[in-house]
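Have a look at the sequence and the fold, then read on.

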Amino acid sequence: MKRYTIFFFLSFLLLINTSAQDAPAWEILGAINAERQAQGIQPLAMNMQLVAAAQRHSDDLASNDFLSHVGSDGSEFWQRITEAGYPMTTGAENVLFRWDASGVGAFQQWRDSPPHYANMMNPAYQEMGAAYSLSASGKYYFTLVLASRSNFSAPTNTPVSLVIPTETSSPTINFQPTNTPISIVPTHTATPFIVATSTFPTILPTVPIPATATTPPFVSFLQASEVYQRIFRFPQTLPPPLITIIPPTPTMPPPPPTWTPIPVTPTAVLTYDLRLIYDWNSFILKNTSGRPLFLEGLSFISASGRFDSERWDNGYLTAPLSAFPADDCLQIWDINTDFIEVPSVCDSRHAWATVNNQTTFWRNVEYFDVYRYGERVTTCLIAQGYCDFNLTDRLPVPDFASPTAMVAADNSTQTGQNQNTTPDQVDSTTDITLIYSSESFALINTSGQNLDLTGLGFASANGIMNISEWDTEFLTRPLWDFPSGDCLQVWSVYLDGQLAKPAQCNWRHAYLTVGEPRQFWMNTDVFTVSRGGAVLATCYVNTGICTFDLP
């Protein structure tokens with residue numbers, strides 16, 4: 001009797017065991033499903049095979065410290081899904097890196113990117129898997145895999161029937177499964193994991209997913225099945241049970257189904273260290289972190305000017321930059337502007353400064369950059385009127401500028417349009433110019449106006465690539481509003497170091513390194529450019545340049 005009790009207790013512990021990675025994955029699932037339900041879209045279910053595919057890619061990204069949809073072994077996301085045992089009919093993948101393991105934070109990054117948000121809201125997808133891995137540099141690489149399969153069925157409303165054997169009967173477990181592989185959707189509690197149904201919850205075993213890149217890269221569904229068998233294997237004969245488990249009667253009121261593991265309240269999680277607020281008249285920096293911040297070493301830079309945070313320390317500063325209070329502000333405005341009262345958004349303004357029109361960096365430009373001790377923290381869009389960021393954020397330093405190389409500008413009057421320009425501006429009569437060689441491929445907007453580049457595809461007998469592959473966390477301008485004179489670039493993953501941008505390009509907003517299946521411009525005579533199934537251009541490799549207009 002005692003031996004049986006101990007065995008049953010250990011089996012129960014195995015049943016509810018979860019891995020360290022469960023919480024962020026369920027946070028992502030809950031946040032996605034809350035948004036999908038708000039849009040009237042069927043919620044997703046968690047699938048362990050998709051989790052395995054996501055974990056494999058996150059481990060790869062963290063081990064090699066790079067961000068791409070193509071694995072270091074050249075694998076595509078659909079190959080990783082198939083190799084994990086999932087019979088995919090359609091699917092998608094989102095990736096990112098951040099500086100913590102917050103699942104809600106990862107969801108918010110994807111939510112704020114239209115292509116990634118479209119993936120998460122696509123009603124064609126039924127299931128998902130999510131995972132992260134920590135790199136040696138401190139980055140948490142997240143992968144979200146979304147997919148559908150032809151043999152998927154929603155969780156059933158049949159509960160698990162657990163029959164405890166008597167002295168004269170052999171123990172049996174009657175488990176009513178859904179279609180293989182097991183798909184589970186969490187409730188608001190982390191353990192045990194319960195399939196959300198329209199009547200009674202069904203408790204299913206979960207398989208821990210490796211938490212670090214040093215463990216095996218993924219758990220196959222076969223392994224999951226073996227664990228399931230081990231959990232529920234009883235000895236052939238057992239003494240009478242100490243307890244009797246009575247299944248719920250049909251007259252019991254069913255609990256309402258729930259699809260979210262935790263309530264998601266965006267206002268409660270959208271916290272940043274700083275908010276910058278700006279219009280033509282002034283620029284405000286506010287500490288929104290809820291704690292004192294170290295603000296020394298900040299620089300605000302654009303083609304119109306530069307301002308360093310130390311300039312607020314002018315003898316009238318009433319709180320140190322080394323411990324600047326929460327909810328308080330600093331402000332600057334043009335020297336020709338009348339005195340401005342303390343803004344209503346500030347509890348207290350500890351310093352203000354007036355600057356000449358060569359220092360009003362937020363005027364007559366589309367954007368400005370924020371640096372901290374020479375490292376680029378973020379890029380802020382003028383049209384938005386505000387900019388939120390954390391002091392630990394980092395972006396690649398642009399190729400054509402540095403924190404000390406500035407362009408003088410006269411900002412005493414407002415221009416008809418905001419634009420950043422450099423002497424390298426390309427003069428062309430076509431929308432797009434492609435420049436390519438044996439080393440790299442670059443796309444340059446030569447139209448003289450912002451362009452929508454979404455939907456472009458490049459293909460040859462040697463490879464295929466989509467414009468959306470540049471849409472990573474490193475992209476500093478959206479593809480749907482890509483600036484004139486600026487470019488995107490790609491080169492082989494086998495090349496050492498970072499290549500210089502083309503001389504015809506003002507600002508390179510993203511670059512990629514790709515394997516052979518993506519090198520469409522190499523080892524071939526011709527490649528095509530298409531959009532929506534229509535060929536826009538046929539480009540000959542030996543010319544090294546190709547121009548075309550967008551429809």
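D22 is found in helix α2, where helices (H or I, at least four residues) and strands (E, at least two) are DSSP runs numbered from the N terminus. With a relative accessibility of 13%, D22 counts as buried; buried means under 20% relative accessible area, exposed means over 50%, and partly exposed is in between (1.4 Å probe, protein chains only). The C-alpha atom of D22 is separated by 8.3 Å from that of A131, a residue 109 positions away along the chain.

Before going further, a word on what you're looking at: this is a predicted model, in which local features need pLDDT of at least 70 and side-chain atom pairs count only at pLDDT 80 or more, while totals for chains, interfaces and linings use all residues. Residues are numbered from 1 along each chain as its sequence is written, and side-chain values use heavy atoms, with hydrogens and water left out.

**The chain as a whole**

The protein chain has 8 helices and 27 strands. Of its 551 residues, 48% are buried. What about contacts, meaning heavy atoms within 4.5 Å? Among those in the protein chain between residues at least 6 apart in sequence, 66% join residues at least 24 apart.

**Helices that pack together**

Two packed helices are described by the angle between their axes and the distance between the axes. The axes here are lines fitted to C-alpha atoms, for helices over the stretch in contact, and the angles run from 0 to 180 degrees between N-to-C directions.

Back to α2, which covers residues 22-38. Its axis and that of helix α5 (residues 103-111) come within 7 Å and cross at roughly 45°. That makes α2 oblique to α5; angles under 35 degrees count as roughly parallel, over 145 as roughly antiparallel, 65 to 115 as roughly perpendicular and the rest as oblique. The crossing of α2 and α5 is right-handed, meaning that the near helix is turned clockwise from the far one by less than a right angle, with anticlockwise giving left-handed.

Which residues in α2 and α5 meet? On the α2 side they are P24, E27, I28, A31, I32 and E35, and on the α5 side G103, V104, A106, F107 and W110. By class, the residues of this contact divide into 8 nonpolar, 1 polar and 2 charged. Here Ala, Val, Leu, Ile, Met, Phe, Trp, Tyr, Cys and Pro count as nonpolar, Asp, Glu, Lys and Arg as charged, and the others, Gly among them, as polar.

α5 also packs with helix α6 (residues 114-121), at an angle of about 115° and with the axes 6 Å apart. That makes α5 roughly perpendicular to α6. In this contact, F107, W110 and R111 in α5 meet H116, Y117 and M120 in α6. The classes here are 4 nonpolar, 1 polar and 1 charged.

**Disulfides**

How many disulfides does the structure hold? There are 4, a disulfide being a pair of cysteine sulfur atoms within 2.5 Å. If you number the bonded cysteines in sequence order, the pairing runs 1-2, 3-4, 5-6, 7-8.

| Pair | S to S distance | Torsion about the S-S bond |
|---|---|---|
| C329 and C346 | 1.9 Å | about -95° |
| C487 and C505 | 2.1 Å | -85° |
| C539 and C546 | 2.1 Å | -65° |

The disulfide of C329 and C346 is left-handed, because its torsion is about -95°. C329 lies in strand β14 (residues 329-334) and C346 in the loop between β14 and β15 (349-355), so the pair ties together parts 17 residues apart in sequence. C329 is buried at 0% relative accessibility, and C346 is buried at 8%.

The link of C487 and C505 is left-handed too. It joins distant parts of the chain, with C487 in strand β23 (residues 487-492) and C505 in the loop between β23 and β24 (508-514), 18 residues apart. Both C487 and C505 are buried. As for C539 and C546, their link is left-handed, and both cysteines are buried.

**Two asparagines with positive phi**

Most residues other than glycine have a negative phi. N364 has a positive one, near 55°. N364 sits in the loop between β15 and β16 (367-372) and is buried, with a relative accessible area of 9%.

N523 has a positive phi of about 55° as well, although it is not a glycine. Its place is in the loop between β24 and β25 (526-531). Is N523 buried or exposed? At 73% relative accessibility, N523 counts as exposed.

Definitions and conventions
Contact = heavy atoms within 4.5 Å.
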